[in-house]
Amino acid sequence: MSTYVYGITAASHPSLPEGMGGVGDPSRPVRILREGELAAVVSDAPDGLRPKRRELLAHQNVLSEIGAAGCVLPMRFGSVAPDDDAVTGVLAERAEHYRERLHALDDRVEYNVKANHVEDAVLHHVMAGNPEIRALAESNRQSGGGSYEDKIRLGEMVAEAVKAKEAEDGPALESALEGVADSVNVGPESTGWIANVSYLVKRETAEDFLAAVERVRKDMPHLEVRLNGPLPPYSFVEPGPAEPAGTAAGGADTEAG
């Protein structure tokens with residue numbers, strides 16, 4: 001039987017949810033595997049596990065139960081190891097790393113920030129900041145729309161300017177928020193987003209981080225900024241003792257399926 005891994009914590013954690021229902025239908029009872037100073041919160045892995053809403057919530061509920069009483073290193077949804085021995089083997093092998101991560105992530109949460117351009121607003125921004133584009137657009141307007149070649153040229157100039165603005169705005173957003181975070185993890189490029197960044201934030205300074213996000217929204221109104229969190233610090237744990245089977249769901253949309 002494969003082993004489903006929810007998270008890793010200290011063996012001395014005061015409230016481990018042994019016996020709680022986890023993923024699967026019927027839900028698999030949560031078990032605790034101890035190895036030295038560490039403990040892995042696991043259950044049997046159900047066959048054919050998919051990222052349905054019920055399963056995502058079950059995964060998150062187990063992590064919430066652990067996290068309410070102490071630090072937990074969350075695994076992403078679908079993290080499955082071959083068996084219990086494989087899990088405890090990795091705990092032993094990576095003990096120093098996990099102890100360091102438990103210390104570093106204690107009393108901290110993750111916020112994920114994604115941003116893209118509001119089309120009309122960024123076009124206005126590009127036009128306002130580029131006299132050459134404005135001049136060609138005005139010339140085309142006065143000549144009844146301009147020639148085919150001029151229309152193509154204007155379109156190419158606008159597209160190039162928007163692309164340059166994307167390259168500028170992503171790093172600008174990241175740097176505007178990194179000063180109020182303990183750590184930053186830039187996520188993979190995602191279609192439709194010019195920024196996809198996770199921030200590690202102390203719980204006690206979360207309000208400062210949220211205020212900084214609002215300042216970004218005010219200062220960069222041509223951006224649509226989406227904030228997801230607070231989340232367990234999925235992006236700051238790797239490597240884990242198991243490989244995700246199916247989909248990674250650190251902060252996943254629980255509307256799935």
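Arg-101 counts as buried at 17% relative accessibility, where buried means under 20% relative accessible area, exposed means over 50% and partly exposed lies in between (1.4 Å probe, protein chains only). Arg-101 forms a salt bridge with Glu-100, with the closest N and O atoms 2.8 Å apart; a salt bridge is a side-chain nitrogen of Lys or Arg within 4 Å of a carboxyl oxygen of Asp or Glu. Glu-100 itself is partly exposed, at 40% relative accessibility.

This is a predicted model, in which local features need pLDDT of at least 70 and side-chain atom pairs count only at pLDDT 80 or more, while totals for chains, interfaces and linings use all residues. Residues are numbered from 1 along each chain as its sequence is written, and side-chain values use heavy atoms, with hydrogens and water left out.

**Overall architecture**

- The secondary structure of the protein comprises 7 helices and 10 strands; these are DSSP runs numbered from the N terminus, with helices being H or I of at least four residues and strands being E of at least two.
- Of the 257 residues in the protein, 40% are buried.
- Among contacts between residues at least 6 apart in sequence, 75% join residues at least 24 apart, a contact meaning heavy atoms within 4.5 Å.
- The protein exposes about 13,300 Å², of which carbon and sulfur atoms supply 48%; accessible areas come from the Shrake-Rupley method with a 1.4 Å probe, and for residues only the protein chains shown count as cover.

**Salt bridges**

- The whole structure contains 10 salt bridges.
- Glu-55 pairs with Arg-54 in a salt bridge whose closest N and O atoms are 3.5 Å apart. Glu-55 is buried, with a relative accessible area of 11%, whereas Arg-54 is partly exposed at 42%.
- Asp-182 and Lys-202 form a salt bridge with the closest N and O atoms 2.9 Å apart. This pair links distant parts of the chain, 20 residues apart: Asp-182 is in the loop between α6 (148–178) and β7 (183–186), and Lys-202 is in strand β8 (residues 195–202). Asp-182 is partly exposed, with a relative accessible area of 37%, and Lys-202 is also partly exposed, at 27% relative accessibility.

**Backbone geometry**

- Most residues other than glycine have a negative phi, and most peptide bonds are trans.
- The peptide bond from Asp-25 to Pro-26 is cis, with omega near 5 degrees. Pro-26 lies in the loop between β1 (3–10) and β2 (31–35).
- Gly-229 and Pro-230 are likewise joined by a cis peptide bond, with omega about 5 degrees. Pro-230 is placed in strand β9.
- Asp-107, a residue other than glycine, has a positive phi near 60 degrees. Asp-107 is located in the loop between α3 (95–105) and β6 (108–117) and is partly exposed, with a relative accessible area of 41%.

**Strand β9 and Leu-231**

- Leu-231 belongs to strand β9 (residues 223–231).
- Leu-231 counts as buried, at 13% relative accessibility.
- The C-alpha atoms of Leu-231 and Arg-108 are separated by 9.3 Å, although the two residues are 123 residues apart along the chain.
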